[in-house]
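Please read these notes with the model open.

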Amino acid sequence: MSIKDNLKQIKLTLPENVTLVAVSKTKPVSDLMEAYNAGQRIFGENKIQEMTEKYEQMPKDIEWHMIGHVQSNKVKYMAEFVSLIHGVDSFKLLKEINKQAQKHDRVIDCLLQIKIADEDSKFGMSAEDASTLLQSDEFSELQHIKIVGVMGMATFTDDLKQVENEFKLLKSTFNALKPVQTTNCRLQTISMGMSGDYQLAIECGSTMVRVGSSIFGARNYQ
Ligand SMILES: *Cc1c(COP(=O)(O)O)cnc(C)c1O
């Protein structure tokens with residue numbers, strides 16, 4: 001099926017309150033344009049340099065989401081245009097995003113990445129650390145970022161029960177953190193679910209799914 005048909009099929013299955021991020025990492029601009037011409041306006045990339053190159057070549061009404069792990073020293077390259085950073089997992093990174101956003105007179109929306117997987121390779125904070133961060137004085141001073149939700153990645157496994165439990169953990173963490181409402185924190189988004197598990201994620205409360213290969217086809221890593 002074409003990218004356009006894949007998108008249409010997936011959109012049909014998404015409830016109205018669920019946002020689709022088209023994960024276009026490794027794919028050429030021509031593929032992204034096919035999705036754009038089919039109406040898609042939110043794209044997710046996991047490398048800052050690749051996202052920046054695509055941003056420069058593509059129409060300017062696109063929302064670019066950084067879904068990968070972010071190194072502090074690279075935030076400056078995307079601060080001008082990024083619309084949501086999914087993988088914020090430390091105060092140090094948040095402070096750097098705030099600093100770079102200030103230079104562009106912007107407020108950058110961020111999600112706190114919570115570690116839900118049972119794998120050492122997945123990044124993220126514990127629910128407790130996230131709670132401490134959101135209630136700290138130093139956090140309240142950051143005026144150029146806004147925490148709008150949480151993000152998580154489930155363990156890479158065929159055990160759907162385990163994946164479901166991890167998604168439920170992210171939902172309950174979201175519920176626990178939600179009462180914290182300040183000028184730079186208002187939780188509304190739960191980013192969880194990819195091609196293989198987004199339907200399960202939605203059943204568990206996801207409001208934002210990050211779907212790549214089901215739209216663009218399998219990725220080729222050289
Ligand atoms: C690559 C990636 C996805 C999309 O994965 P698919 O299985 O191709 O849908 C989602 N989230 C993150 C963080 C990714 O890096």
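**Notes on the ligand site**

1. The shell around the ligand holds six nonpolar, three polar and three charged residues. Here Ala, Val, Leu, Ile, Met, Phe, Trp, Tyr, Cys and Pro count as nonpolar, Asp, Glu, Lys and Arg as charged, and the others, Gly among them, as polar. Among the shell residues are Val23, Lys25, Ile67, Met151, Met153 and Arg210; each has a heavy atom within 4 Å of the ligand.

2. The model is predicted: local features need pLDDT of at least 70, side-chain atom pairs count only at pLDDT 80 or more, and totals for chains, interfaces and linings use all residues. Numbering starts from 1 along each chain as its sequence is written, and side-chain values use heavy atoms, leaving out hydrogens and water.

3. Now Glu50. This residue belongs to helix α3, residues 48–57 (a DSSP run of H or I, at least four residues). Its side chain comes within 2.7 Å of the backbone nitrogen of Thr26. Beyond neighbours within four places in sequence, Glu50 contacts Ser24, Lys25, Thr26, Lys27 and Glu45 (heavy atoms within 4.5 Å).

Key: Helix = DSSP H or I, 4+ residues; strand = E, 2+ residues; numbered from the N terminus. Polar contact = N/O pair within 3.5 Å; in protein donor to acceptor, adjacent residues only side chain to side chain.
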